[in-house]
Amino acid sequence: MAQQKLDSLDAQKEFFISQGVTILQEPSNVVFFPASRENQDLVDEKALTSRDRLFRYLLSTERAIPRLIGFFKDPFEDTTPAPGQFTDLPFIVKSITLVLDIHEDVHGFNATVNGGIICALMDEAMGTLLTQNNVLNEQAKAKGYIPAVSPAMTLAATATMNVKYSRPIPTPQILLVTASLIQVEGRSMSMRVTVTNKDGKEYASCNGSFVSFSRAKM
């Protein structure tokens, strides 16, 4: 299945800014494509079999979720590493936000977003927090912010999601899905996720966790 040709990162950023997501203009925020929306020309097709095909293919159409980017506060904004700057290794950033525009092909009832899609968005945000920290952890080591022997991110999968739906989500509109780290305890990583509109109205929330595991157990 071919991925729909998506707008560039800069074009999507400008689109969301034009729709009122002005936080993307803050110079301290780093804007990125989540793994499910990376440039398809740069990703080996065989590797895609183990990646998020739901958001890469089925939901990337103009009538579903055509635009999806993320942002986080730049952890390397200060050019001089400070001792103890990163206290929750292997995490470098503790929160990321996905920004998306959502349309009618994800309706479940009464022209509102299907509850399963809302749950999938929150799961996607938690997974993105982990995958982005995998990238940032390697960057932090290369920049000398943390020792080369510091803990690295490992494979992890969704373990629990306790979802609360506060109100229906009509379409079309812009949504922000924010995943924040709560704590790391052994192999378990607990997170809090919220789904809001661009003005901060909350539609759903979730307390969830991922559990790390070794590749041998796959």
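1. Cysteine 206. In this predicted model, the sulfur of cysteine 206 has its closest cysteine sulfur in cysteine 119, at 6.5 Å. That is too far for a bond. A disulfide would need the two sulfur atoms within 2.5 Å. Cysteine 206 is buried, and its relative accessible area is 0%.

2. Cysteine 119. Cysteine 119 is partly exposed, at 23% relative accessible area. The cut-off for buried is under 20%.

3. Disulfide count. A disulfide is a covalent bond between the sulfur atoms of two cysteines. The count for this model is zero.

4. Salt bridges overall. How many salt bridges does the model contain? The count is six. The points below take up some of them.

5. Aspartate 7 with arginine 67. These side chains meet in a salt bridge, with an N to O distance of 3.6 Å. Aspartate 7 sits in the segment before α1 (9–18), whereas arginine 67 belongs to strand β2 (residues 67–73). The two are 60 residues apart in sequence, so the pair ties together separate parts of the chain. Aspartate 7 is partly exposed, at 38% relative accessibility. Arginine 67 is buried, at 12%.

6. Arginine 67 with aspartate 101. Arginine 67 also forms a salt bridge with aspartate 101. Here the closest N and O atoms are 2.9 Å apart. The pair links distant parts of the chain, 34 residues apart: arginine 67 is in strand β2 and aspartate 101 in strand β3. Aspartate 101 is buried, with a relative accessible area of 3%.

7. The network. Which residues are linked by salt bridges in a network? They are Asp7, Arg67 and Asp101. Arg67 is the partner in both bridges described above, to aspartate 7 and to aspartate 101.

8. Glutamate 104 with arginine 63. This pair also forms a salt bridge, and its closest N and O atoms are 3.5 Å apart. Both residues lie in loops. Glutamate 104 is in the loop between β3 (95–102) and β4 (107–109). Arginine 63 is in the loop between α2 (53–58) and β2. The partners are 41 residues apart in sequence, so this bridge too ties together separate parts. Glutamate 104 is partly exposed, at 36% relative accessible area.

Definitions and conventions
Residues are numbered from 1 along each chain as its sequence is written. This is a predicted model: local features need pLDDT of at least 70, side-chain atom pairs count only at pLDDT 80 or more; totals for chains, interfaces and linings use all residues. Side-chain values use heavy atoms; hydrogens and water are left out. Buried means under 20% relative accessible area, exposed over 50%, partly exposed in between (1.4 Å probe, protein chains only). A salt bridge is a side-chain nitrogen of Lys or Arg within 4 Å of a carboxyl oxygen of Asp or Glu. Helices (H or I, at least four residues) and strands (E, at least two) are DSSP runs, numbered from the N terminus.
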